[in-house]
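Subject: Structure handover

Hello,

Here is the structure I promised to pass on. My notes follow it.

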Amino acid sequence: MENKKMMHTLPVEAYTSQKWFDMEMKYLFSTTWQFAGFVEDVPNPGDYISVQAGLNNIFILKGRDNRLRAFHNICRHRGTQLLRAVGKAQKAITCPYHDWTYDLEGKLMSVPKKDEEFPELKGKELHKCNLNLHEASVDIFKGMLFVHPEKNAPSIMEFFGEVEPYLGPHIVEDLVEYSEKEEEAFYTKEIKANWKIVVENYIDHYHLSHLHEGTLDMYDHSKAEFGWKGPHYWFYEPLMPDYLADVDNAVPYPLIKSVPREQIGAYVPWLFPNIGLGENESAWSTFHTIPLAPDRTLVVIRSKMENASSWEYTKQMTKSSLSSVWQKYGNKGKYEGDAKTDPMASGDFMEEDIYACEQQQKSLYSPMFSVGAQAKRGEYAIWRFQEEVKKWMQNHGAKI
Amino acid sequence: MEQKSKTMNNKSFPLKVIDVKHETKDAVSISFDLPYELYETFDYKAGQHLTLIFNINDKEVRRSYSLCSSPVLEENIRIGVKRVKNGLVSNYINDKIKIGDTIEIMPPEGRFYADSKKEFYKTYYLFSAGSGITPIFSIAKTVLNTEERSFVYLFFGNRDQESIIFKKELDELKEQFPERFILVHTLSKPKTSWFSKNEFEFRKGRVDEESVNWFINEYPPYAQNTEYYICGPGKMIEDTEEALHKIDVPQNRIFKEYFGSGKEKKGIESVDNAVLIATLNGDTVETTIPKGKTILRTLIDFGENPPYSCEGGVCSTCACKLVKGKVAMKKNLGLSDEDVEKGYILSCQSLPLTDEVEVEY
């Protein structure tokens, strides 16, 4: 093997080259359970969505039996990605291009001009002609939809079961989504960095007290606990004692009721390969990292909060603004400066992280670039994550 | 078709009754002592049944009763038996069987079962009515104890509060698995209980199309790999299955077991004294079928030992393959359309329609 420049255990080119990006699409994002939204995105029988998961576009449909079905969004005729549910009570899936129609089990039901145009199908039962939709898998974990391109995928609980006890105690199903604009995610941002840079920033404990010294300081980083369960990372840290002592007043939004008092804190796990959760005292969020190109990543954050009236929210925000806790913690830039133009003066931890990620991506192309050292505890996760990516891809056929 | 693996030889074993529990005024559960050397022979899957052989009024009678015990728990094998109106055997069992009695029993069998595995992650919808709870109870216990994360949603129909078999044990199961086990009772003729202090929650009505729809909408599946098990009287099964079909539940996810009698086909014009050629246990025998007699009865009366147990067209133990001729089945609650298409018949229900029929067991 040639002597490649390395990050920790992956080569630098894994963060810069199209070849690596293509391999990840094939061997990582098309072989894992992929986040597809929230359960409430497909609320009623007949509702459907389609999502891109690695190389696959997957169509999720809820039947009248309230069970979700997943198919590859590919009409078996000419492969068009046009599927939609139609008919009274949405009992059929059709491709509007030539009106080939399938039932809810993906079986081909009708083909216009079948006998004249397709003599090889004449007299045959269509569902036995090997032209049924390709089935995929869909399941639910913590109120989130996940899809897997294989029909007989390993069960979602085999994949996430081991890490589940380390996630927040939040009962996600009781929370309601919060967004500034209807039908839009709480936060969407394209970051000019490789998706792994974004993940590594998310799971890096070492940076919390430094990059975010004025923004995430309401949590007690010194008491953080974290570790790995299979390919998944888990993380927990408590509130700072004075924040906790006044949390009923200080918390900016109503406290999430399903979190017992003694378990309040920030749970910030990373579910392999590309979905992080942010589960804290007043919000529960998904941090979906979608690779767009070797150096471009779309981050979509969807956020849920306690199901309380707007009056409750207003009341809480007023109480919170009066709390002395916020004179001490949060919302302060690392450096003084123009909050609008300098991320380091923004007082916004997302701005800080994005800035750090993009600046790291830039340096990857420098001939002088190297990783000089790795924090033993605080950055172990970065090495481990790269190991997990490598292992997973190798186990699924990548020659790397 | 997969079946008749271990009971091909029609063998039975004397087992001792070690417990008789009166579950309701019309139903008992009976536990048997299983000697160590029979553990393997009597290994079973949740949902299967035992066939009991009695000699009542000098006639050998066999009846199949579902196991309500779970193969994954350390409990004795146990069956549930509800009185059937004018039923010879069920009343005999309810009235006469006591601890210490010995009963001839054939090893467990049946195609209605849940093959539970630890790593499964499923939602099991269980529909039962009356004594149909027997195999369903076994399935519920087995799944909850084996599959660490699967969900069990049980919809259970009865006449009234007092006719609910295993009521207490079901409540205990609910306490044990509060997050994964949903139990909803529906009563067709509930007793008003103004004086009763303990509130018993139930829905009014039967297990029928409307209530099945209600149940599924009220309790949508969490794990998306769903299976549907139905056990009860014929009408309840038909209604439930119909309801499931109407909401597009695929047939391969539905499993059912008929309790009690189904509809019998009347007015079959069978051929008198048709020639019967049967291959069983490696031998081929030839005889004639007297008017009105089934293939199975003909063979038994001829001195043969064909496999069978329920003789009611349910259990499929007596299934054989028709290789020549035509027959009509009075009832068929055991074989799927696909089985029938492949030529399988239930010999206990089959009357000849041609002058000659040939079957292979």
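What percentage of the 400 residues of chain A count as buried? The figure is 40%. Buried means 20 or more other C-beta atoms within 10 Å of the residue's own, exposed means 12 or fewer, and partly exposed is in between; C-beta atoms are placed from the backbone.

First, the ground rules. This is a predicted model: local features need pLDDT of at least 70, side-chain atom pairs count only at pLDDT 80 or more, and totals for chains, interfaces and linings use all residues. Residues are numbered from 1 along each chain as its sequence is written, while chains are lettered from A and ligands numbered from 1 in the order in which they are written.

Chain A overall

Chain A has 10 helices and 19 strands. These are DSSP runs, numbered from the N terminus: helices are H or I with at least four residues, strands are E with at least two. The C-alpha atoms of chain A fill a box of roughly 80 × 60 × 40 Å along the principal axes. Take contacts in chain A between residues at least 6 apart in sequence: 60% join residues at least 24 apart. A contact means C-beta atoms, placed from the backbone, within 7 Å.

The interface

Chain B puts 16 residues in contact with 17 residues of chain A. The chain B side divides into 10 nonpolar, three polar and three charged residues. Here Ala, Val, Leu, Ile, Met, Phe, Trp, Tyr, Cys and Pro count as nonpolar, Asp, Glu, Lys and Arg as charged, and the others, Gly among them, as polar.

Helix packing

In chain A, helix 4 (residues 195-202) and helix 9 (residues 349-363) have axes that come within 10 Å and cross at roughly 135 degrees. Helix 4 of chain A is therefore oblique to helix 9 of chain A. Axes are lines fitted to C-alpha atoms, for helices over the stretch in contact, and angles run from 0 to 180 degrees between N-to-C directions. Under 35 degrees is roughly parallel, over 145 roughly antiparallel, 65 to 115 roughly perpendicular, and the rest oblique. I197(A), V198(A) and N201(A) of helix 4 meet D353(A), A356(A), C357(A), Q360(A) and Q361(A) of helix 9. By class, this contact has four nonpolar, three polar and one charged residues.

In chain B, helix 4 (residues 209-218) packs on helix 5 (residues 234-246) at about 50 degrees, with axes 8 Å apart. E209(B), V212(B) and N213(B) of helix 4 meet D239(B), T240(B), E242(B), A243(B) and L244(B) of helix 5.

Loops to look at

- K191(B) sits in the loop between strand 9 (181-187) and strand 10 (203-204) of chain B. K191(B) is exposed, with 11 other C-beta atoms within 10 Å. Not counting residues up to four places away in sequence, K191(B) touches D160(B) and Q161(B).
- The peptide bond from F272(A) to P273(A) is cis, with omega near -5 degrees. P273(A) is in the loop between strand 16 (270-271) and strand 17 (275-279) of chain A.
- N130(A) is a residue other than glycine with a positive phi, near 60 degrees. N130(A) is exposed, with 7 other C-beta atoms within 10 Å.

Best wishes

Definitions and conventions. Contact = placed C-beta atoms within 7 Å.
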